[in-house]
Amino acid sequence: MGKERLDKILASQNLGSRKECGLLIRRGEVAVNGVIVKKPDAKADPEVDILTVKGGEIRFRRHIYLMLNKPQGVLSASRDPHAPTVIDLLPEKLRRRGLFPAGRLDKDTEGLLIITDDGDLAHRMLAPKSHVYKLYHAVVDAPVTQEDIDAFAQGLSLDDMVCLPAGLGVLEDGPQPLVWVKIREGKFHQVKRMFLARGKTVLRLKRVQMGGLPLDPALAPGESRELTEDELKLIFNLANLY
Ligand code: URA
């Protein structure tokens, strides 16, 4: 990355706008390698120099990685002239950072979505060969039978593909049961099409986990937060799975 202006580096790490970061610097609250620097246009290399703000070290991140609990009714896209997108849900300061969803959920599907500006990670996670598993909870319009479970486990045939073996189990029985589904691929409308192949309609669908990364239950629909260091390691491991 090389050397950059200090105010620009701090702003890139979500410490405030460029102007706010400039003020922090002028107030003497920022140090480079232990030396207070008061000029916002002073240069530093965030991958080499140790930057501290108010005494706390900045863990420099080249990219942004967010977990979003996607609500129903928004598109998994960066921009759309007609409908709200997942990017529109993010805090104002993140909306112009070139972020995009790493993967897609249907407009009416809820749950875990990773949003990033790291095209390489997104590409690796979504590569057909990566087979990162995804866990969904679904409400379907008819009871799920042992035959359904066996058919999912064997690999269902759809119009244009044979699915990899998938897991299916009942969480809450009833005329419209709540079930879990675990798949290792993510073709267009895949879960809905798998149930349709068994004569059932998905009434509600929520992604609750990708690989070892669960959706944070503290996130209400529409809320997002940055991934922690441990969660980041998890998704990077996932992305190397192939
Ligand atoms: N399967 C679907 O049918 N829809 C989704 O959004 C995700 C998986």
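Select Arg-95, which at 30% relative accessibility counts as partly exposed; here buried means under 20% relative accessible area, exposed means over 50%, and partly exposed lies in between, with a 1.4 Å probe and protein chains only. The side chain of Arg-95 meets that of Glu-92 in a salt bridge of 3.6 Å, N to O, and Glu-92 is also partly exposed, with a relative accessible area of 47%. A salt bridge is a side-chain nitrogen of Lys or Arg within 4 Å of a carboxyl oxygen of Asp or Glu, and the structure holds 18 of them.

This is a predicted model, in which local features need pLDDT of at least 70 and side-chain atom pairs count only at pLDDT 80 or more, whereas totals for chains, interfaces and linings use all residues. Residues are numbered from 1 along each chain as its sequence is written, and side-chain values use heavy atoms, with hydrogens and water left out.

**The whole chain**

Zoom out to the protein chain, which has six helices and 15 strands; helices (H or I, at least four residues) and strands (E, at least two) are DSSP runs, numbered from the N terminus. The C-alpha trace spans about 70 × 35 × 30 Å along its principal axes, and 48% of the 242 residues count as buried. The chain exposes about 12600 Å², of which carbon and sulfur atoms supply 52%; accessible areas come from the Shrake-Rupley method with a 1.4 Å probe, and for residues only the protein chains shown count as cover. Among contacts (heavy atoms within 4.5 Å) with a separation of 6 or more, 65% are between residues 24 or more positions apart.

Select Phe-152 and Phe-195, the one aromatic pair of the structure. Their rings are tilted, at 5.1 Å centre to centre with 50° between the planes. Rings of Phe, Tyr and Trp (its six-membered ring) pair if their centres lie within 6.5 Å, and planes under 30 degrees apart count as stacked, over 60 as edge-to-face and the rest as tilted. Phe-152 belongs to helix 4 (residues 146-154) and Phe-195 to helix 5 (residues 190-197), so that the pair links distant parts of the chain, 43 residues apart. Both Phe-152 and Phe-195 are buried.

Arg-193 is partly exposed at 21% relative accessible area, whereas Asp-160 is exposed at 59%.

**A charge over a ring**

Move to Tyr-133, where the charged end of Lys-182 sits over the ring, 4.1 Å from its centre; the criterion is NZ of Lys or CZ of Arg within 6 Å of the ring centre and within 35 degrees of the ring normal.

Select strand 7 (residues 65-70), where six of the six residues are buried. Tyr-65, Met-67 and Asn-69 point one way from the strand, and Leu-66, Leu-68 and Lys-70 point the other way. In a regular strand the side chains alternate between the two faces of the sheet.

Strand 7 pairs in the antiparallel sense with strand 9 (residues 109-116) over six bridges, and Tyr-65 stands opposite Thr-116 in strand 9. Two strands pair if DSSP finds at least two bridges between them. Strand 7 also pairs in the antiparallel sense with strand 15 (residues 224-226) over three bridges, where Arg-225 is the bridge partner of Met-67.

From Arg-225, follow the side chain to Glu-231, which it meets in a salt bridge of 2.8 Å, N to O. Leaving aside neighbours within four places in sequence, Glu-231 is in contact with Met-67, Leu-213, Arg-225 and Glu-226. Glu-226 in turn is linked with Arg-59, Arg-61 and Glu-229 in a network of salt bridges.

Finish with four strands that form an open sheet in the order 3-2-5-6, with antiparallel pairing. Strand 3 (35-36) and strand 6 (56-57) stand at the edges, each with a single partner strand, so one side of each is left without a neighbour in the sheet. Strand 2 (residues 30-32) and strand 5 (residues 51-53) pair over three bridges, and Val-32 stands opposite Leu-51 in strand 5.
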